[in-house]
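Q: I'm new to reading protein structures. Could you walk me through one, feature by feature?

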Amino acid sequence: MLIFKTILASAILLLSLVVAMYSTLIERKIAGFFQDRLGPNRAGPWGLLQPLADGIKLFFKEEFMPNTADKFLYILGPSLTMLIACLTSAVIPWGPDIVINGQVFSLQMADVNIGILYIFAIVSIGVYGIMIGGWASNNKYALLGAVRASSQMISYELAMSLSIITIVMMSGSLSMRDIVNQQQGFNWNIWYQPLGFIIFLICAFAETNRSPFDLPECETELVGGYHTEYSSMKLGFYLFSEYINMFISGAVMATLFLGGYHFPFIDKLGLSPNAFAFVSFLVLFAKITFFGFIFMWVRWTLPRFRYDQLMRLGWKALIPLAILNVLITGVVILLNQ
Amino acid sequence: MERTFIPSDYIPIVVQSVVALGFVVITMVLTHFIGGKRKKIHTLRKEENFECGIEVRGNARFPFSVKYFLIAILFVLFDVEIIFFYPWAINFKDFGWNGFLEMLLFLFFLLFGFYYIYKKGALNWEE
């Protein structure tokens, strides 16, 4: 069992990394499409080798460290960010159980009874990676970017955890697998919780520092934000972890709101358990891809928020709306009982 | 479909942590050794902090706006209160109307505090 879990953990890590690498290419392709140009097309057919070239370049770049920086924290910052990005996926159910040699294995690292709380706990540690990195560089732009990032992330975390409460009220469980299993077929949570879904989606943009909330790395004011002083793979860790976070938040949204790996009629196809698990995984992956496209679509369509607008949206609009959503959900559930 | 959860459910999380930590450490060490080999060149100008090409004045250990600190304090307060919602939400259907009304009372205090900080202008960034 432990061997299977180790393989699964490595597979998930590899999957996140490959998806993150190719998200950079797809993002540039989509940006090209939106701006009526081609996007990267030199390295390999359709630019397919571009992410590899970028990764190798980052590996071979000279490591730079400002002489005023705090050396230990300077290295800890990106490492922590990357570590946190790789840990969030532990409670996501990637598919139904598979059978190997008559033994049943679960395609989920850990089915713990605090699944959602685990995700929130890990995501909130992510603030430290950015804050430590920005502070340790001893650069004014990096510090401003880091302070903005942490302030923004903790503000939107409130609305995020409030919007999930309604899901917990409906399902009566914090375990991700229970929540997925209650959304069989087309019985997805999004039909019951459209407001909660929209709040969660907006907060996911803010938590992953994606445009229109990319103020921490807003290049027109802050050069590069918290990673101004970083180079080589340390910079790569910051950039990759953003895409991994995007992938994982897409997976979380698909699991909580879009029924995870469930899709109408695929359980009627009469597939063997392993083929069924594979098809279900593809369904989940398609949903994640859909969210990934939304992330990119919004980034290349909307302008960036101003900082006071960002804070006003988070505190004065999303939090009261989320509380209202809790009240409405409570009344509706109790009236239907 | 009552399922039991046991502490050993958490072992895979430890496995995943070890795998992720291994990946991060190996990559960091690898990039340190195969990265550019011009480390012998240490000059003051090169290792200065980036400041858009002008001379660096002071360092980044300066006080920043107190608003950020205020947000952090408010976050701690509200996050603790939101965590109280979770046990209630799990047992929501068992509690029924009674639990809902009790939660309304808690929510009233929460929103009262929210209204107070709102009126005090703690959430205004303009001034």
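This is a predicted model: local features need pLDDT of at least 70, side-chain atom pairs count only at pLDDT 80 or more; totals for chains, interfaces and linings use all residues.

Q: Which residues are linked in a network of salt bridges here?
A: The general idea first: side chains of opposite charge can pair when their charged atoms come close. In this structure, A:E27, A:R210, A:E242 and A:R299 are linked in such a network.

Q: How many salt bridges does a search of the whole structure find?
A: Seven, counted over all chains. Let's go through a few of them.

Q: How far apart are the closest N and O atoms of A:E242 and A:R210?
A: They sit 3.2 Å apart, and the two residues form a salt bridge. Now look at where each partner lies: A:E242 is in helix α9 (residues 232–256) of chain A, while A:R210 is in the loop between α7 (194–207) and α8 (219–222), so the bridge ties together parts that are 32 residues apart in sequence.

Q: Are those two partners buried or exposed?
A: For this you need one cut-off: buried means under 20% relative accessible area. A:E242 has 9%, so it is buried. A:R210 is at 1%, which counts as buried too.

Q: Which residue does A:D214 form a salt bridge with?
A: Its partner is A:R304, and their closest N and O atoms are 2.8 Å apart. As for accessibility, A:D214 is buried at 8%, whereas A:R304 is partly exposed at 27%.

Q: What about A:D308 and A:R306?
A: They form a salt bridge as well, with their closest N and O atoms 3.0 Å apart. A:D308 is buried, with a relative accessible area of 12%, and A:R306 is partly exposed at 49%.

Q: Let's move on to empty space. How do I read a pocket?
A: The idea is simple: rolling a probe the size of a water molecule over the atoms shows where empty space is left. In this model, the largest pocket has a volume of about 660 Å³. It is lined by 26 residues, and the closest to its centre are A:T24, A:E27, A:L239, A:Y243 and A:R299.

Q: Which helix gives the most to the lining of the largest pocket?
A: That is α9 of chain A, with six residues. Helices α1 (2–34), α2 (50–60) and α9 of chain A each supply at least two lining residues. Sorted by class, the lining has 10 nonpolar, five polar and 11 charged residues.

Q: And how many cavities of 30 Å³ or more does a search of the whole structure find?
A: Three. A cavity is space where the probe fits but cannot get out, while a pocket is open. The largest cavity holds about 390 Å³ of space. Of the 27 residues lining the largest cavity, the closest to its centre are A:V123, A:E207, A:T208, A:N245 and A:S249.

Q: Which helix gives the largest share of that cavity's lining?
A: It's α9 of chain A, with eight residues. The chain A helices that each supply at least two residues are α3 (71–87), α4 (115–136), α5 (140–171), α7 and α9. By class, this lining has 17 nonpolar, eight polar and two charged residues.

Q: How many residues of chain A and chain B are in contact?
A: The contact involves 87 residues of chain A and 70 residues of chain B. Together the two chains bury about 7,200 Å², with 71% of that area on carbon and sulfur atoms. On the chain A side, A:K140, A:W315 and A:L334 supply 10% of the area buried against chain B, more than any other three residues.

Q: How many salt bridges are there across that interface?
A: Zero, by the rule used here.

Q: Last one: what is chain B made of?
A: Chain B has three helices and zero strands. Of its 127 residues, 33% are buried.

Methods. Residues are numbered from 1 along each chain as its sequence is written. Chains are lettered from A and ligands numbered from 1 in the order in which they are written. Side-chain values use heavy atoms; hydrogens and water are left out. A salt bridge is a side-chain nitrogen of Lys or Arg within 4 Å of a carboxyl oxygen of Asp or Glu. Helices (H or I, at least four residues) and strands (E, at least two) are DSSP runs, numbered from the N terminus. Buried means under 20% relative accessible area, exposed over 50%, partly exposed in between (1.4 Å probe, protein chains only). On a 1 Å grid over the protein atoms alone, a cavity is a set of points where a 1.4 Å probe fits but cannot get out, and a pocket is an open set with protein on both sides within 12 Å along at least five of seven lines; lining residues have an atom within 4 Å of a point. Grid points are joined across faces, edges and corners, and a volume is the space filled by probe spheres set on the points. Ala, Val, Leu, Ile, Met, Phe, Trp, Tyr, Cys and Pro count as nonpolar, Asp, Glu, Lys and Arg as charged, and the others, Gly among them, as polar. Contact means heavy atoms within 4.5 Å. Buried area is the accessible area (1.4 Å probe) that two parts lose on being put together, summed over both.
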